[in-house]
Amino acid sequence: MRRSRTVALTAAAAAAVLVITGCSSGSSKSGDSNSSSGAGAGADAATKGVVNASDKKGGTVTYEMKGTPDSLDPGNTYYAYIYNFSRLYGRPLTTFAPGPGEEGNKLVPDLAESMGQPSADGLSWTYKLRAGLKYEDGTPITAKDVKYAVERSNWAPDVFANGPTYFHDLLVDNPTPYEGPYKDPSGDLKAIETPDDLTIVFHLKHAFADFDYLVSAPQTVPVPKDKDKGADYVKHPMASGSYKFESYEDGKQLTLVPNTNWDAKTDPIRKQLADKILLKMNIEQSTIDKDLLAGNAQVDLVGGGVDPQTQAQILKDQKLKAKTDNAYGGRLVYMAIDSQVAPFDNVDCRKAVQYAIDKVSVQTAIGGPIRGQIANTVLPADIAGHQDVNLYETKDNKGDEGKAKDALKACGKPEGFSTVLSARTERATEIAAATSIQAALKKIGINAEIQQFPQGKYLSDNVGVPAKNKEKNIGLMMMQWGADWPTGYGFLQQIVDGRAIKESGNSNLASLNDPAINKLIDDAAVNTDKAAREKIYSEIDKKVMEQAVYVPLTYFKVFLYRPDSATNLVSTSAFSGEYDYLNIGTTK
């Protein structure tokens, strides 16, 4: 995930606005068979092609978001919408080409001039940077800057708690201890070599077929060492993309303007259409929806979709419904059970929860079937390797009190127990789902107190800190997860591999550390046969469900509204069904 790259559902507490302003004009184009005009495009048009395709420059484009992001620093984020948005000001080695649905999963070179070149044994990957790349201040971008970006994002967990640990886990161990660029500024990470200014070589512990996908993460966005300010770098990351920071107020506002040292000749996928991008944080979801409907905003940045009240309004009006996109994006809504928080250290106590939950009620709380089908596996239905298996089957998916109580007896808690269930403050439907689960658990004697935490600090400071879960008795956690890239490994590894557990910013909320599952993860990583890898992912999924540490709830679908004033809207599977943010413009 990217924690859906964990994308937000809908809510009622805080939000953000992103405005792109300008006055210049340019030519516009309307598309081929893969583009549609805005007004007549029809429902789900952006899942099939680019809606309102245009090269028109200028105008004001407004994005709105509820709450605040975990971080705008490309090296310290793990939300899909920031993976998507940060590409405006930062270029990773590779990225996903704008395209509808599965077409959006096509990986292309970005900072690199071509895809990586693996060695014959698969233990090293070499990338050549495009020539002539510059930062916003005109200084050249070098391979050393990419190496430094990976070092700071993966070897400084006390500074950057967010983000996955893939590079740290996959690269060969250093011959001497390396504590990262802040604690060990004179140290050198030998696993990454930069033989010249345009060449970077990664050395792996074992072959890894998905490495080109891995370097699409914003952790490879270059960072010049002399401009890095650690945790304060978020205030002004040095731009390598088509936009740069003009000003930033944490929790309030970000202003982006065109990067005049960005060269379109070195960048075949970006257009730099808008003249200014303004992001205001903490806007109510109801306000976001009203602005979208009125055409005063172009996109909900978080990409979770409209709130239930707006959804009902849209579904009653065929003209409004024709301007919506309803798509899967490799995303799961689930509840994690921390296997290290008593009494959930007993598998039967976890099974009691699995059987107790009424998933139909949860689905209704999220927004009904239009927001996704009921899930019974960790691996979503649109990720290769998924198999329909239901280890905790109940009649009509409405729960089974009898089986749940039998499991409670087996775990030595026949009268039940108390625990804490967490959810994110900004996400109204997540809280509604938690409330449904709370009611179902109460019927079997489990009293779950709901505690809310802000989404921007959900994992870095709260439920992603395993020690805090034990201290505060947080045994159950509401969550969403989207694939970091469209393979079983890209979906599963960070949430099921015990070696990925971190002291803070942890995504393996179940504290699952099963040697058999860890080994299967490694087996899949080195297997060169795609079908064999997918079979392993299915096996991992089943073993995880046998441990009963995750309760799959729904395979999430976005329900997005697209105003006529927005151009170049395309819903992409690469970012969990969100619109691709690289080239959105406006007709205004």
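Helix α10 crosses helix α12 in a right-handed way, meaning that the near helix is turned clockwise from the far one by less than a right angle. Helices here are DSSP runs (H or I, at least four residues), numbered from the N terminus. α10 covers residues 359-366 and α12 covers residues 428-442; their axes come within 8 Å and cross at roughly 160°. The axes are lines fitted to C-alpha atoms over the stretch in contact, and angles run from 0 to 180 degrees between N-to-C directions. That makes α10 roughly antiparallel to α12, a label for angles over 145 degrees.

Who touches whom? On α10, the contact uses S361, V362, A365 and I366, and on α12 it uses T429, A432, A433, S436 and I437; contact means heavy atoms within 4.5 Å. By class, that is 6 nonpolar, 3 polar and no charged residues. Ala, Val, Leu, Ile, Met, Phe, Trp, Tyr, Cys and Pro count as nonpolar, Asp, Glu, Lys and Arg as charged, and the others, Gly among them, as polar.

A note on the source: this is a predicted model, where local features need pLDDT of at least 70, side-chain atom pairs count only at pLDDT 80 or more, and totals for chains, interfaces and linings use all residues. Residues are numbered from 1 along each chain as its sequence is written, and side-chain values use heavy atoms, leaving out hydrogens and water.

Next pair. α16 (residues 515-526) and α17 (residues 530-547) pack at about 165°, with axes 9 Å apart, and are therefore roughly antiparallel to each other. Their crossing is left-handed, with the near helix turned anticlockwise from the far one by less than a right angle. I517, L520, I521, D523 and A524 of α16 meet R533, I536, Y537, E539, I540, K543 and V544 of α17. This contact has 8 nonpolar, no polar and 4 charged residues.

Terms used. Helix = DSSP H or I, 4+ residues; strand = E, 2+ residues; numbered from the N terminus. Parallel < 35°, antiparallel > 145°, perpendicular 65-115°, else oblique.
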